[in-house]
Amino acid sequence: MAHESTRRGGVSEALAHAMFLANGFSVFTSVVPESADLIVVGKGEDGRDRTFTVQVKTLKIRRDREGQLVVKGASRDGLPYSIDDVDYILGVHIPTHTAFLIPNNSQTEYWSKDWETARKKWTELTI
């Protein structure tokens, strides 16, 4: 039986696939572990295909931080993902099937004080 955090990560990745597909993107995954969980292809504003890499993380609501939305930007070793590793971090909130696509700037953590602020500063995806 998979560890709870591994199971939760699998659910977040499955939701990420569904969200990108539902929003008109193509999604690719690697056969072997890589820094990026997903490679995503979609049309840019100019109508041309754009490809970007995504690391999927589970978005958490921190009750000890007045309900702030928090997404880890670091790997298991505690080091932040570099810009060379991934283009975006996708924070998936499992209970609401909502995610935020966050440009990677090599932070160990991304946060927003509330849902409204998150919607203004990040790109929201839903199914």
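Is Phe52 buried or exposed? Phe52 is buried, at a relative accessible area of 11%; buried here means under 20% relative accessible area with a 1.4 Å probe and protein chains only, exposed means over 50%, and partly exposed lies in between.

Before going on, the basis. This is a predicted model, in which local features need pLDDT of at least 70 and side-chain atom pairs count only at pLDDT 80 or more, while totals for chains, interfaces and linings use all residues. Residues are numbered from 1 along each chain as its sequence is written, and side-chain values use heavy atoms, with hydrogens and water left out.

Phe52 has a ring partner, Phe20, and their pair is edge-to-face because the ring centres are 6.2 Å apart and the planes stand at 65°. For the terms: rings of Phe, Tyr and Trp (its six-membered ring) pair if their centres lie within 6.5 Å, and planes under 30 degrees apart count as stacked, over 60 as edge-to-face and the rest as tilted. Since Phe20 is in helix α1 and Phe52 in strand β3, the pair ties together parts that are 32 residues apart in sequence. Helices (H or I, at least four residues) and strands (E, at least two) are DSSP runs, numbered from the N terminus. Phe20, Phe25, Phe52 and Tyr88 form one aromatic cluster, and the whole structure has six aromatic pairs.

Phe20 is itself buried, at 0%. In the largest nonpolar core, which has 15 residues, Phe20, Leu38, Val54, Leu90 and Val92 touch the most other members. A nonpolar core is a set of buried Ala, Val, Leu, Ile, Met, Phe, Trp, Tyr and Cys residues joined through side-chain atoms within 4.5 Å. Two or more residues each come from α1 (4-22), β2 (38-43), β3 (49-58), β6 (88-93) and β7 (98-103), and α1 gives the largest share, four residues. A second, separate core has 12 residues, including Ala36, Leu69, Ile89 and Phe100.

Now the largest pocket. Its space is about 740 Å³, a volume being the space filled by probe spheres set on grid points that are joined across faces, edges and corners. A pocket, on a 1 Å grid over the protein atoms alone, is an open set of points where a 1.4 Å probe fits, with protein on both sides within 12 Å along at least five of seven lines; lining residues have an atom within 4 Å of a point. Of the 26 lining residues, Gly9, Gln55, Val56, Lys57 and Arg76 are the closest to the centre. Helix α1 again gives the largest share, here seven residues of the lining.
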